[in-house]
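Me: I've just opened this one and I'm new to it. Can you walk me through how the chains sit together?

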There are 2 protein chains.
Amino acid sequence: MAKAAPQTSGDVRLSLPEALKQIRWNESGLVPVVTQDAKSNKVLMMAWMNEEALTKTLATGDVHYYSRSRQKLWRKGETSGHTQKLTDLRVDCDADTLLAKVVQTGVACHTGRPSCFYQQLEDFS
Amino acid sequence: MAKAAPQTSGDVRLSLPEALKQIRWNESGLVPVVTQDAKSNKVLMMAWMNEEALTKTLATGDVHYYSRSRQKLWRKGETSGHTQKLTDLRVDCDADTLLAKVVQTGVACHTGRPSCFYQQLEDFS
């Protein structure tokens with residue numbers, strides 16, 4: 001049986017300076033970002049932000065990531081037109097992962113699928 | 001304007017051996033897992049699996065992770081009772097992130113909140 005949950009309040013509001021101080025960037029100065037469709041709640045993709053990507057995302061409302069393969073800042077949709085407009089950004093309890101809710105234009109995945117998570121494990125349990 | 005998406009089919013089914021071959025484990029033998037509530041679609045948490053955690057999760061239906069801080073396999077809820085029953089597991093397009101949908105008993109976050117993503121950025125854009 002589940003133990004009773006400890007008493008806690010609900011959501012906490014964070015300013016950008018507070019978030020920048022709190023976020024535990026990895027050894028490459030990056031933090032993973034889970035991106036979720038604000039309307040359907042579908043999880044669209046997982047990517048990475050550095051401090052510049054986060055700051056630009058919050059300043060413009062257009063989601064920016066840091067491409068590890070190309071080693072540069074990347075505004076989502078800059079070549080495809082499949083942009084992401086930020087509606088909510090959250091930091092997790094140990095400040096090492098972000099959750100971005102977005103209005104997605106077109107599709108999130110470079111394969112043309114709505115979500116990058118299209119490969120489904122079969123036959124479990 | 002968004003370009004037309006390339007023509008693609010929908011979801012792809014993967015067997016466990018195919019998944020184990022395909023997944024791009026990081027230099028520590030781990031892969032990040034986004035965990036989503038199967039009913040509410042709330043994103044609950046982000047954690048890590050190694051091959052053993054993935055195999056045990058699929059064999060038992062109880063979500064197992066690998067704890068980087070404790071350096072050991074960890075069945076979610078083994079001390080708190082707040083277990084996660086797997087309903088769907090997916091691999092993303094470049095096979096470096098998993099998405100687990102779960103029926104959560106109790107709460108996902110050790111703070112007692114339903115989701116670990118309770119810190120919300122204020123005042124953007």
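Me: Let's start with symmetry: how are the two copies related?
Reply: Keep in mind that this is a predicted model. Chain A superposes on chain B by a rotation of 180° with 0.0 Å of shift along its axis, and the RMSD is 0.0 Å. The two copies are thus related as by a two-fold rotation axis.

Me: Which residue of chain A has the C-alpha nearest the axis?
Reply: The axis here is that of the 180° rotation that puts chain A on chain B. In chain A, the C-alpha nearest this axis lies 3.0 Å from it, and it belongs to A:Asn41.

Me: Do the copies meet through the same surface or different ones, and what share of the interface residues of chain A tells us?
Reply: The contact takes 54 residues from chain A and 54 residues from chain B. The interface residues of chain A are also interface residues in chain B, so the copies meet through the same surface; the share is 100%.

Me: Which element of chain A gives the most to the side that touches chain B?
Reply: Several elements each supply at least two residues there, including helix 1 (16-22), helix 2 (51-60) and strand 8 (119-121). By class, that side of chain A has 25 nonpolar, 20 polar and nine charged residues. With five residues, the one that gives the most is strand 6.

Me: And what is the bridge partner of A:Gln119 in strand 6 of chain B?
Reply: Strand 8 of chain A pairs with strand 6 (residues 84-91) of chain B in the antiparallel sense, over two bridges. In that strand of chain B, the partner of A:Gln119 is B:Val91.

Notes
Residues numbered from 1 in each chain as written. Chains lettered and ligands numbered in written order. Predicted model: local features only at pLDDT ≥ 70, side-chain atom pairs only at ≥ 80, totals over all residues. Contact = placed C-beta atoms within 7 Å. Helix = DSSP H or I, 4+ residues; strand = E, 2+ residues; numbered from the N terminus. Nonpolar A, V, L, I, M, F, W, Y, C, P; charged D, E, K, R; others polar. Pairing = 2+ DSSP bridges. Least-squares fit on C-alpha atoms with pLDDT ≥ 70 in both.
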